[in-house]
Every structure is written in C-alpha cells, then in structure tokens.
Amino acid sequence: MRFTLANGRQVDLDMTRLEERQRGLRVMLPTRASVRDFAPLIDVVLFEGDGDSFRFTELSAAQWLEALRGARATEFDSAKQWVQARIGSMWEALRRLPRVPDNHYAAVVAVPPMCSTLPAEVRALRLRRASVSQWIATLHGLTGKGVKAEEIECAGVLDRLGRIPAQVRLTDNEVIALVDLTPATPRLIEESRFAFVATAPWEPCCERIPARQFRRRGLMGPGRDALHVVRYRHLSLGWSVVRTRYRDLVTERIDWWTVLDEKGNAVGQPVYGFATPNEAIAFAQERMGAHFATWGRDSALNRWEQYSLPGGSSYRELLVQLHDWPSTYISKHYRSRNVLAHVRTSLRTDAHGRRLFYLDEVQSDWHADGQAAHGSTNDLPAAPFAREWALLVMKVMLWWAQRQGAEGLAWSSPELQRRRWLRPPAVLYEESLPKAARALSKALNLPCGRAEIAVRRAGLAVAAGQRGWEVRAPDGHPITKPFARRDQAEAYAGLLRGFEPAMVPVLWLDGIPPIKAISLFGVDTREAWFGSAPDAA
C-alpha cells in the first residue's frame with residue numbers, strides 16, 4: 001500500500017519509531033485519538049528500489065503532508081487521502097498504544113562529527129565524467145585502495161547507480177551526491193527519565209466541556225449561555241487553552257481565553273482570562289516551565305553502576321545508537337532501539353595525577369546475539385560494522401574523552417575483567433580493543449602506554465540497596481547505614497580495606513588539537529581528524 005510520488009519513487013508509513021517519538025516528545029494522546037493525533041508520530045520512509053529496502057526521511061506523516069502543501073505539489077490531495085487510509089489500516093495496533101507515554105526516553109548526549117572517506121576518494125580518481133557502468137566498476141575497485149567494502153555498501157551509492165541506465169554519463173559530483181551514510185551514522189545517547197519537553201506544538205482542537213464539570217475545573221458558570229470549549233492542547237504536557245463565553249450582570253467582557261493544566265483545572269490567571277489565544281499560550285508556556293521544573297530534570301538511568309570498577313567518579317552509561325538504521329534491534333540490557341554498543345564510563349586520576357576517561361566495560365549485545373544466533377532460524381537483523389564495531393567505539397570515545405577534558409583514554413585490562421567476571425569476553429580486551437588502539441595511535445600519532453590507577457582491595461562489597469548504597473561484608477550483610485551516593489560508600493569501604501594499584505592501557509591525548517572529524521569506517525589520516533574535515537556523510 002505504498003504511495004508513488006510524481007518522480008516515480010515510492011514512500012510508505014512506518015510505526016517502528018512511534019513509541020520512541022511519543023516518549024521523547026512526551027505526547028499525551030487523547031482517549032479517542034484520531035488520524036490527526038498519530039500523524040505527527042509516524043515516520044515516512046522512502047524506498048530505494050522495487051524491493052523492501054527503505055530509508056527514513058526524518059519526516060513524520062504530518063510534516064511530509066505539510067511539506068507537500070507548502071510546495072504546492074500536485075499529489076497533495078491524493079497523499080492526504082492515502083495517509084488517512086494508511087493510518088486507518090494500522091488502527092488495530094495503534095489503539096493498543098498507551099495514551100500517556102512511559103517516563104523513559106533516549107536522551108541525545110552528543111552527535112559525533114562522523115565523515116565518509118568516499119567523497120575524497122572519488123575526487124582523487126580525477127574521473128570527471130564517466131558512464132554509470134564505468135563508475136560502478138571504479139567504485140568496486142576502491143576496495144583495493146583501502147576503502148572498506150561495507151562503507152560502499154552502507155552508502156547505497158551502488159544501488160542508486162544500478163537504477164540509472166548504464167550508458168548515462170555522470171560527473172564525479174553527481175556520483176558523490178548519491179552517497180548517503182546517514183543510516184550508519186551513530187549518535188551517543190543515555191536512557192533517561194523526568195524530561196518534560198515544553199516546546200512541543202499546540203494542536204488545534206474543538207472539545208466542549210460539559211456544564212457539570214465547570215465548578216470542579218474552576219470555570220465560570222452556570223451563567224447565561226456559559227460555554228467553555230478547548231481550542232488548543234499542548235501535545236507534550238496536556239495543558240489546554242479554552243475559549244470561554246460567559247455573561248452576567250458584572251462581567252467585564254463576555255468572550256475570553258482560559259488556561260487549564262494537565263488535569264484540566266484552571267491555573268492562577270486573571271479572572272477574565274486573556275483577550276487573545278496567543279496571550280493565553282504565552283502564559284501557559286511560562287507556567288508549564290515553572291510547574292514542571294519542580295518535577296525534576298533529566299535523570300540518567302544508570303542500571304549497572306554497581307558492576308563498575310571502584311574508585312571512579314562521574315559514572316555514565318553511554319550508548320552508541322544507530323537511530324536511522326532501517327531494521328530494529330532491542331538489546332537485553334537497554335530499551336532503546338538499535339544500540340550498537342554500550343560503554344560504562346567514569347573519570348579517574350592515575351598515580352601521577354593525570355585525568356583519565358576510563359572505559360569500564362565495552363559491549364555489543366547486537367553482535368553477541370548475532371553470533372549466538374548464527375545458523376538459527378530467528379529473524380535477528382544483521383548488525384552493521386561487523387568487523388570493526390570495537391574500532392568505531394574507540395574512535396567515538398576518543399573524541400568524547402577530549403571533550404571531557406581528559407588527558408588520556410583508558411580502558412579495562414584483561415586482568416581486571418578476569419577478576420570481575422567468570423567468563424569475560426577475552427577476545428575483546430586482549431585483541432579487538434588493543435588492535436583498535438594501535439591503529440589510532442599509528443594514524444593520529446598518539447602515545448599508547450599504560451597508567452596506574454587505584455582499585456579498592458577485595459573483602460567488602462558496595463551495592464545498591466532499597467534506601468541507597470550499602471557497604472556489605474562478605475556474607476552480604478550491610479555494615480553501616482546506606483549512603484546517598486556510590487562514591488560516598490566507596491570512600492568508606494576504601495578507608496576500611498585500602499587500595500591497591502592496577503595497570504590499565506591508555507591512549508594519551510594531551511597536546512593534540514581539537515578533533516574536527518571522525519572517519520565512519522577505518523581510521524583515515526591525522527589531517528582528516530585535526531585538519532580540514534572531509535565531506536560529511
């Protein structure tokens with residue numbers, strides 16, 4: 001049931017990211033939701049060819065229709081009817097969705113400056129104009145010059161060239177325009193709660209409030225012809241702006257605008273409200289900001305802190321997510337979709353007082369599940385970056401460590417992993433991460449060595465209890481009252497047991513210029529990282 005555009009390309013609607021979008025925007029759906037309510041939450045996807053391969057357009061159905069309307073597209077009317085029919089076909093699944101979003105969302109921490117090497121490699125060929133068949137053969141040949149085959153595949157350029165007649169001649173700039181690595185470009189997120197977005201749009205509506213609810217909601221009535229109609233509702237927080245019509249012997253005016261909170265009750269405002277809806281909306285925005293600020297700010301959901309190495313500070317669980325990847329994978333450790341890898345991090349100081357950004361654990365559930373399911377009949381989507389996901393994580397963490405003001409990027413040694421786990425991922429810490437570090441050290445001219453950090457001696461455990469962080473004896477019983485923070489409990493346990501040195505591998509960052517670009521595949525050159533950035537993917 002796809003829709004064909006005037007240029008012959010096909011689009012469809014996709015519900016994959018609906019709940020994620022609803023949670024992120026804090027959209028509260030009405031009990032009797034309509035197509036209009038769901039249109040801002042459903043993605044429009046663009047199909048690459050005749051098959052099932054598609055890419056997200058980054059437009060919701062509502063945004064897409066508005067873009068067609070703004071461009072005065074000839075297919076606007078038919079597209080509007082198609083959207084209504086297409087959402088109608090999804091209605092059985094849509095009606096089961098929660099009306100109030102779960103207080104859980106993926107907060108975007110940062111978007112690394114990822115770049116593709118393909119544009120520079122295409123220009124270096126000095127092939128200014130050639131036939132499509134010649135370009136396809138030339139791009140295949142780039143793998144012999146160090147370009148990753150997976151980069152060419154993920155860029156989709158070969159597929160797009162394949163839909164153009166072989167004899168058509170294209171310039172190098174026209175070929176570069178076909179490169180799109182957006183689906184494979186990662187972003188850093190952390191799972192969070194208590195984030196209320198007051199900047200979501202106000203949705204026009206028309207809902208008459210029954211007379212029996214006037215007094216409970218703090219509205220005027222039952223005067224002559226009293227009427228209260230909800231005309232605007234905030235999509236995120238549920239506040240509303242009401243058009244009020246009321247007349248008695250002392251009213252200053254008979255028509256004004258009233259603001260109701262998320263419970264439908266009038267908030268403190270002038271007795272006769274506001275003269276225009278814009279004034280009421282401005283007042284509501286101000287009150288919402290003040291009201292929801294008391295509910296708490298973004299709070300990261302650090303689920304696995306008790307398994308991290310004692311002695312660090314500023315613990316965070318950073319997730320490397322492929323938000324625009326067309327398939328969907330859900331990790332067993334996190335609820336966000338398409339988490340390629342998760343990294344448990346902290347800040348530490350080595351024996352010489354140098355500030356380290358420390359990777360306590362690096363893991364890819366997606367690749368691990370893929371290996372476990374190899375040869376089985378399940379439909380687990382293949383994970384991208386099959387050969388170099390560890391390298392991708394190290395590149396992103398190198399950039400992030402510099403942004404944190406660290407002098408070095410350190411990570412857990414195989415010895416520390418064996419001390420903590422019965423079956424540690426030996427290959428990752430003995431081969432994959434060291435190999436990635438050596439490649440970055442060589443390409444970027446970064447010193448690679450070891451640093452000494454302090455680790456609390458064994459004998460006591462620090463664990464999260466129901467009322468806070470507890471210091472526990474070997475038998476599991478707490479030996480003191482709970483602490484509010486883990487670092488407080490760790491400090492107390494350290495006083496009792498003391499610390500011992502541990503050596504960890506490190507890439508030293510002090511003295512290098514700011515990182516301007518990161519190659520999506522491979523490591524590229526020092527000039528690409530610190531000098532003029534290559535063309536963005």
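# Briefing: an open sheet, its helices and its aromatic pairs

Four strands make up an open sheet with the order 1-2-3-4, and their pairing is antiparallel. The edge positions belong to strand 1 (3–4) and strand 4 (54–60), each of which pairs on one side only. The model is predicted.

**Sheet and packed helices**

- Strand 1 pairs with strand 2 (residues 10–14) in the antiparallel sense, over two bridges.
- Within this pairing, phenylalanine 3 stands opposite valine 11 of strand 2.
- Helix 3 packs on the sheet and touches strand 1, strand 2, strand 3 (43–47) and strand 4. The direction of helix 3 makes about 80° with that of strand 4.
- Helix 4 also packs on the sheet, where it touches strand 1 and strand 2. The direction of helix 4 makes about 35° with that of strand 2.
- In general, the strands of a sheet pair through backbone hydrogen bonds, in either a parallel or an antiparallel arrangement.

**Buried face of helix 3**

- The buried residues of helix 3 are Ala61, Trp64, Leu65 and Leu68.
- Viewed down the axis of helix 3, these buried residues fall within an arc of 95°, so they line one face of the helix.
- An α-helix has 3.6 residues a turn, so residues three or four places apart point the same way.
- The cover over the buried residues of helix 3 includes strand 1, strand 2, strand 3, strand 4 and helix 4.
- Just after helix 3, arginine 72 adopts a positive phi of about 55°.

**Aromatic pairs**

- The structure contains 13 aromatic pairs.
- One of these aromatic pairs joins phenylalanine 54 and phenylalanine 56 edge-to-face, at 5.7 Å centre to centre and with 90° between the planes.
- Phenylalanine 54 has a relative accessible area of 15% and phenylalanine 56 one of 11%. Both residues are buried, because the cut-off for burial is under 20%.
- Tryptophan 64 and tryptophan 82 form another edge-to-face pair, at 5.9 Å centre to centre and with 75° between the planes.
- Tryptophan 64 belongs to helix 3 (residues 61–70) and tryptophan 82 to helix 4 (residues 76–89), so their pair ties together parts that are 18 residues apart in sequence.
- Tryptophan 64 is buried at 7% relative accessibility, and tryptophan 82 is buried with a relative accessible area of 9%.
- Phe3, Trp64 and Trp82 are linked into a cluster by ring pairs.

**Arginines over ring faces**

- Arginine 2 lies over the face of phenylalanine 47, at 3.5 Å from the ring centre.
- Arginine 17 lies over the face of phenylalanine 56, at 3.8 Å from the ring centre. Phenylalanine 56 is also the edge-to-face partner of phenylalanine 54.

**A buried loop residue**

- Serine 336 is located in the loop between strand 15 (313–321) and strand 16 (339–349).
- Serine 336 counts as buried, at 4% relative accessibility.
- Leaving aside residues up to four places away in sequence, serine 336 touches Ala106, Ile189, Glu191, Gln321, Tyr329 and Ile330.

Note on methods. Residues are numbered from 1 along each chain as its sequence is written. This is a predicted model: local features need pLDDT of at least 70, side-chain atom pairs count only at pLDDT 80 or more; totals for chains, interfaces and linings use all residues. Side-chain values use heavy atoms; hydrogens and water are left out. Rings of Phe, Tyr and Trp (its six-membered ring) pair if their centres lie within 6.5 Å; planes under 30 degrees apart count as stacked, over 60 as edge-to-face and the rest as tilted. Buried means under 20% relative accessible area, exposed over 50%, partly exposed in between (1.4 Å probe, protein chains only). A charge sits over a ring if NZ of Lys or CZ of Arg is within 6 Å of the ring centre and within 35 degrees of the ring normal. Two strands pair if DSSP finds at least two bridges between them. Contact means heavy atoms within 4.5 Å. Axes are lines fitted to C-alpha atoms, for helices over the stretch in contact, and angles run from 0 to 180 degrees between N-to-C directions. The arc is that of the directions from the helix axis to the C-beta atoms.
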